Amino acid sequence: MSASSTWLNKIAKQKTKLLAEMFAMEPIHVDVKDPITKKLKAHCQGEDILYLWDKLYATDPMMKNIVINTVIGPSIPGKDYYDDINANPAMPYQQIRALIGDGGKWKWPEIWKYLDLLPRRGPAWRHIDDPSNLSKIVNPNPEITPLNCLVVGGGPIGLRLAIELVLGGHRVTLFEGRREIVDKESGLFETVGFTNRVNRPHINNFCRNDLDRLNGRNFMTPKMCYPVFTNGHTSSIGIDELQMLLLKTALLLGVNFELGVKYIDADMDIENEQNQRPSWMVSYTADKMAQERHGKEAEGEQRFDALFGCDGGRSKVRATHSDWLGVPKTRAYKKMYGIVSNLRKCSRKKLKSLGYATGLEPEDKAGGTTGIFFYKASYHNYFIVHPSSQEMEENGISWKGVFTFQKARQEVDSGKDALKDILKKYIKKKAKELKIPLDDSLPNDGFVEAPNDVMGFDFTEFYNCEKSAACFVPPLNYNAEEDGEWEIHCPLVAIAGDAVADPNWLLGVGLQRGWNSAFDACFFADNIYNNRTFNGKPPSQEDPIESPVDWSEHMDNFMNLMADLGKYARESKLSGEMDTGMLDAKGPVVVQIRRELKARNIEAPVPQYLPPVDPYDRYKPFQLAVKSNYKGKKLFENAHPLASRELAIFYHNEKFVEKDTVIKMKVTRPMAALLTWPKRFECSAFWCDMSMKLLEIDGKAAPGEKPLADEGKEKVEKKEKDNVKVSSKVKQEKPPPKVEQPKLNLLEVKTLARQKSLNLRENILQAALSGPSPRGINKKNRSAMDQLIYQAAGKGKASQESEVVLSMDTLDRSIMMPSTPSRRKLGSNFGSNDGGTTPTGLSETDRTAIQKLSEKLDQIQIPAPVAKTLLIGGEDDPIHQIRLQQVKYEKKTLKAKLTFTGAEMVKVEAEQEALKAKMLYVKAEHDMIKNLLKSYDDAEAKLKSMV
């Protein structure tokens, strides 16, 4: 049974509406009107995204069972790499894209493109011919064993870690217990949600680049993008903005986010006594909504292979595993108190009255030694001050932390509210002194609504953990009956973000440390069972790993590297590129890219620096070993993985842009009401065409597709059963990964073919005009028989000492033989001359070959007239006839080439016309925008005159 386009389009419209609503969700803590509808925008939080995701995908079996086409066959829903390392699952975004295409939105193909370009590893890397690998990018780590991972905490670091784990082929569940519940009657909070935080930490360049590749610009409105991607001097981002951005990406990639589930504890357990493989039995509690949504008990246990604590400074994961991770060390920095406030935006009129003549807000201020921070956000401003002890005493501020909200149906804490009033009064005073815009006539005295209006924090003590991870496990092929009982059991446990060290707001290193610790934790998960390509050191071209590392040594390497990386992350020992967030202009990546593109007369762009999972490129202590792989001539012998990737993206992007341009010129996008299902794919170019083709939905074949035959399904099921039977064996005896050679670069092949074609044309023309080559000229282009006949006919130079190179097609090599005026028999005494010496250049093998050829020629009976002509020459010379016929054939070939080049000229002319049309279109659009801008200038001038 096949699905009709009309039915598909109806379903696609419903899902498009939900997805558009999800993409548009952003955290807003003040009243903001939609510029189009003029209605107040909803105050969205992370919970709203999750509830909408349930409607869009998570609780819809039809969506989860969509089958798409991949390079290795139809995808298999409901099975991931943890179930079967040879599985072929599709990520949620791929299934959604196969149904809704571009959704009638010009921006969505770009969103799909960025998701396609996220680097995969291990089993998630799929296949070399998959378009996501660009037929160039090899698997960076084929030795990953998929793990069942639990991430505790839905903050920025927990979400970033979950995303990276999924891209390595791991199964990922995220527990987040903080669900926001607001009383409908009073409008007060029952509980504050996990994204209800508006503090704005500083972000480094590498972090900003990473957010960019995670669809940061596409998932954030232009207003929210400004302080993140535009204002590079003091880049900042709201924690809630960051969480909601990452949450959208995590859900689209397949992270299982379980809201309302709290981590309690975890005990080590061995499920199989024979292989002694340990795992964590995690205890949790679930609220009523989580019980219903995820089928959990109010209190229960769940098994995981790896446990990651991203649950903040009071980490429960860290506390319950202090025997492995130790107890955080605290130290007194200095007596310091911080007041964090979030201010409403002032009108332009108010800004002018405050002394800002242009009506524009002041530039951002990054505290440094002053302790004053002012960051402009999209709908509010972020203001932090660090009062001295004397100021606190003078203004009646006590050394108490305060972060409060009024709970519904509960008595107000008058003491904390009084402290908040004192903090507000002080912030107003400091804002006036420092000329920070604040309008106390606005609601809540110019502050956003509680609990994020004003907060107080005691920064006197800082903490850090010396150990951020631990793991000690037996190999996958361990057998207790043969090897005995494994003595120490510790499944992977790691902490990241604020759970490792204090974020240190003054230095602004919280996100920097958090990002690195998340990548480190992911690297540990990738290499727990990898003793084939991992030895605790940077990969070396001079000293490669040729055989598996002994397991006890592997565990020692693993634990030592955990200690080193934890130290490097805490102390911010970043590599030069990681620190600046830019690729080294003289480094291997930039140099190799420039060399490659220079050969094609292309100005090489410098790509963004994107932090890798591999720690060796991120930390300074490894740089000497890493750079040794690209010293001297090695710079061009060893292709850098990032250079290969960026070049592949560059070449593919040229075709992508060209295709998109052609579509925009030829296809008119219909109005939303007229958008049909096929048009969702015809009106836009897609980066990854292969893994977006819909094959089956709700058990029905897509239009134009053959139903997945029962026989085919039985084969798939049989293959799955066979995989299940051997899965344990595969995991125990991991064979060396099959190295699949990437395809040749199409542009490179075309360039070489064009050069070969030109050379061939020149040779054909030369041969046609010159006739048979005389001795020493272009000998390799003449057949051996041609030269023999000419020598027999007396056409060559007759000299006893002269020699002619015969390109012996029948002998597959060139030989040397004396030139004679007539054909003569080469007898058995051919080895000597008149003088009894061996001819120069002839080996015993050559002489034997020539003698055999001579004997074969003697056996050929040549008719007398022909023989006479061969010896004498004349009008009936057969060689002349052969040459004439050859010229005719070559002439026909040239005519065919001429026809081909004519067609090419027509094609080029058509492309030129297309470019002219595009130029006219762009010029018209340019003039329109110019006129529109002029109208805005006039409107602005009129409005100013009215003030």
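Tutor: Buried means under 20% relative accessible area, exposed means over 50%, and partly exposed lies in between (1.4 Å probe, protein chains only). A helix is a DSSP run of H or I of at least four residues, a strand is a run of E of at least two, and both are numbered from the N terminus. This model is predicted, and local features need pLDDT of at least 70, side-chain atom pairs pLDDT 80 or more, while totals for chains, interfaces and linings use all residues. Residues are numbered from 1 along each chain as its sequence is written, and side-chain values use heavy atoms, with hydrogens and water left out.

Student: Why is helix H7 called largely enclosed by the rest of the structure?

Tutor: Eight of the nine residues of H7 (residues 205-213) are buried, so the helix counts as largely enclosed. The buried ones are Phe206, Cys207, Arg208, Asn209, Asp210, Leu211, Asp212 and Arg213. After H7 comes Asn215, with a positive phi near 70 degrees.

Student: How do you know whether Leu476 is buried or exposed?

Tutor: Its relative accessible area is 12%, and the limit for buried is under 20%, so Leu476 is buried. Leu476 sits in the loop between strand S18 (469-472) and helix H17 (480-483). Its C-alpha atom is 7.1 Å from that of Asn275, 201 residues apart along the chain.

Student: What makes the buried residues of H21 line one face of the helix?

Tutor: In H21 (residues 588-598), Val589, Val590, Gln592, Ile593 and Leu597 are buried. Seen down the axis, they fall within an arc of 165 degrees, so they line one face; the arc is that of the directions from the helix axis to the C-beta atoms. The face turned away from them carries exposed Arg595 and Lys598.

Student: Which residues form the positive surface patch?

Tutor: Lys888, Lys891, Lys892 and Lys895 form it. Patch residues have over 30% relative accessible area and no salt bridge, with like charges joined within 9 Å and nonpolar side chains (Val, Leu, Ile, Met, Phe, Trp, Tyr) within 5 Å. A salt bridge is a side-chain nitrogen of Lys or Arg within 4 Å of a carboxyl oxygen of Asp or Glu. Lys888, in helix H31 (residues 878-946), has 44% relative accessibility and therefore counts as partly exposed.

Note on methods. Accessible areas come from the Shrake-Rupley method with a 1.4 Å probe; for residues, only the protein chains shown count as cover. Lys and Arg count as positive and Asp and Glu as negative; His and the chain ends are not counted. The place of a charge is taken as NZ of Lys, CZ of Arg, CG of Asp or CD of Glu.
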